[in-house]
Each structure stands twice: as structure tokens, then as C-alpha cells.
Amino acid sequence: MKIKAHKLFRTDDSQVAFKRSPNQSSGTIQPRFLVMHYTAGSSAESSISWLTNPMANASAHLVIGRDGSITQLVAFNRKAWHAGRSQWRGVKGLNSHSIGIELDNPGLLQGSAGNWRTTWGRLVPDNEVLVDSNGSGWHVYTEQQLEVARDVALTLVRHYGLEEIVGHKDIAPTRKNDPGAAFPMTTFQSLVDGRDSDDEEEVFETTTALNIRKGPGTEFDKFDEVSPLPKGTRLSILDSQSVWRRVDVLDMVNNEMDIVGWVHGRYIARI
Ligand SMILES: [Zn+2]
């Protein structure tokens with residue numbers, strides 16, 4: 001995933017579905033945090049429809065469906081209306097300082113084993129329910145949905161240098177439960193920590209103009225749009241295979257961000 005002009009694109013350069021929500025403020029923001037939500041709705045489509053309806057007075061930057069489909073509703077440098085009255089680390093009104101992602105999920109369930117139901121009465125089978133230590137039931141997220149959400153979160157953290165990933169409940173604990181016990185918050189929080197330690201220990205730069213390739217060898221194609229990387233391009237190393245290094249390009253090259261590929265290890269040096 002990558003970001004261009006505050007819109008989300010796939011690695012193959014195709015933009016994810018964009019359906020602009022009128023529920024946003026004028027002016028721009030510089031996001032510091034990522035806030036995770038669940039929709040508490042019945043489908044991604046119904047949530048997208050509601051969050052783009054002026055009556056809702058609510059929105060989010062992204063909605064991620066249970067099949068992993070992504071819809072962007074607000075550009076990442078615009079203020080979406082997802083957090084409401086909220087506070088975190090001395091910052092009030094998180095809408096002005098954060099990106100919000102809504103995950104399609106009915107949220108906290110009613111009932112008990114054998115009869116878990118959404119707030120609107122739909123039966124949820126026991127094998128799709130996570131029961132927390134208080135005995136509350138939560139509809140599980142799908143693997144596809146979490147995988148996509150993780151990719152997107154990492155892309156946003158890196159692009160905007162986000163400081164922390166939090167849940168809506170963290171910033172509005174008296175009002176909100178989302179994203180709930182079924183969401184792997186610790187895993188997501190570590191995306192930020194991981195980035196910090198990588199950057200401190202392992203920033204390299206190219207010592208010459210250097211081709212970046214799709215695999216570990218000259219038999220693999222170059223990424224034509226960005227090859228050769230200019231001398232002095234900053235990289236972090238993800239993997240090694242003999243003299244080849246799989247790298248994440250930290251600088252923008254020819255307007256491309258978040259490039260990952262292989263370079264010859266002889267022509268890079270630790271900064
Ligand atoms: Zn929320």
C-alpha cells in the first residue's frame with residue numbers, strides 16, 4: 001500500500017475505492033494518531049452509506065469490510081468526524097489530530113452461548129464469537145479484514161510518522177467500547193514500536209545510483225519507475241539473501257513512496 005496526495009493506493013498503483021463524505025471540516029490536519037473503530041453496523045455497504053449521509057454528522061477516513069475491501073471517505077489530511085468528544089495524552093478533540101479507520105463489525109453482542117445476537121437481533125454462531133473475561137461476547141473480525149487493516153495501519157504509520165495506534169474506547173472511555181476485545185490491539189500498537197527500533201538501528205543509504213529489483217539477482221526485473229535509486233537514498237533492510245538485500249525505501253523517489261525491492265548489498269552503507 002502507498003499514499004499519494006493523501007489518498008490510499010495499492011502497490012500496483014490502483015487507487016482504493018474513494019467515496020467522498022460531506023461529513024468533514026474545512027482546512028487540513030497533521031495526523032499524529034491512528035484511531036481504530038468498529039462500525040456497529042450490519043454491513044460495510046450500510047456503514048459507508050450512513051457515513052456519507054449528511055444526516056449522520058459522522059465519518060471516518062476508511063471503512064474496511066469483512067472481505068478486506070477498503071473504501072476511503074475522507075482524504076488523510078482532512079478532518080473526519082469519527083472520534084467525537086475525546087482526549088488522549090493531553091490532546092483534546094482527536095478528530096483534529098488523527099486518522100480514523102472503521103472496521104465492519106456489529107460490535108458488542110447481546111445474549112449468551114448458543115444465542116449470541118447483534119443489537120438488531122441477528123443470530124451470530126458461537127464459533128464467530130469471542131467471549132471476554134467478563135463474559136461479554138464480541139463478533140470476531142475476519143483474518144482478511146485484520147490483514148488488510150494491518151497493512152494500511154503500517155502504511156499510515158510510516159507515511160505520517162504516527163506516534164500511536166489507539167482504540168476509540170481509549171480516547172472516549174465513558175462513551176465507547178470499540179474496537180472491542182476481538183481486536184488485536186497489542187499487535188497493532190507494536191507496528192509503531194517496530195518502526196522506531198528499525199529506524200534507529202538500521203538506516204542505510206545507497207553509495208551510488210543503484211537499481212532496485214523484484215528479486216535477489218540481476219535476472220530479476222528492475223522497478224523501472226524508480227531505478228536507479230539516486231545516490232544517498234535512505235533504506236532499511238527487511239531481509240537478506242547472499243549479497244542481496246530486500247529493502248524498504250524510506251525516501252520518496254520520482255514521487256513514489258513505500259517501495260520495497262532488492263538491491264545489491266555492496267552498494268549500500270549504514271548511515
Ligand atoms: Zn468508534
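**Labels and their criteria**

Pro 179 is found in the loop between α3 and α4 (185-201); helices (H or I, at least four residues) and strands (E, at least two) are DSSP runs, numbered from the N terminus. The model is predicted, so local features need pLDDT of at least 70 and side-chain atom pairs count only at pLDDT 80 or more, whereas totals for chains, interfaces and linings use all residues. Residues are numbered from 1 along each chain as its sequence is written, and side-chain values use heavy atoms, with hydrogens and water left out.

Q: What is the peptide bond that joins Asp 178 and Pro 179, cis or trans?
A: The bond is cis, with omega of about 5°. A cis peptide bond also runs from Ser 227 to Pro 228, where omega is near -5°. Pro 228 is found in the loop between β17 (203-206) and β18 (234-241).

Q: Which residues coordinate the zinc ion, and at what distances?
A: The ligands are His 37 (ND1), His 168 (ND1) and Asp 178 (OD), at 2.0 to 2.1 Å. Donors are N, O and S atoms within 2.8 Å of the metal (3.2 Å for Na, K and Ca); water is not among the atoms, so sites may look incomplete. His 37 lies in strand β5 (residues 33-38) and His 168 in helix α3 (residues 168-171), so this pair ties together parts that are 131 residues apart in sequence.

Q: Why does Asn 57 count as exposed?
A: Its relative accessibility is 54%, and buried means under 20% relative accessible area, exposed over 50%, partly exposed in between (1.4 Å probe, protein chains only). Asn 57 therefore counts as exposed. Its phi is near 50°, a positive value in a residue other than glycine.

Q: Why does Asn 255 count as exposed?
A: Asn 255 has 61% relative accessibility and therefore counts as exposed. Its phi, near 70°, is likewise positive in a residue other than glycine. Asn 255 is found in the loop between β19 (244-249) and β20 (260-264).

Q: What makes the chain as compact as a globular protein of that length?
A: The secondary structure comes to four helices and 21 strands. The radius of gyration is 21 Å, close to the 18 Å that the globule rule gives for 271 residues, so the chain is as compact as a globular protein of that length. This radius is taken over C-alpha atoms, and the rule is 2.2 Å times the number of residues to the power 0.38.
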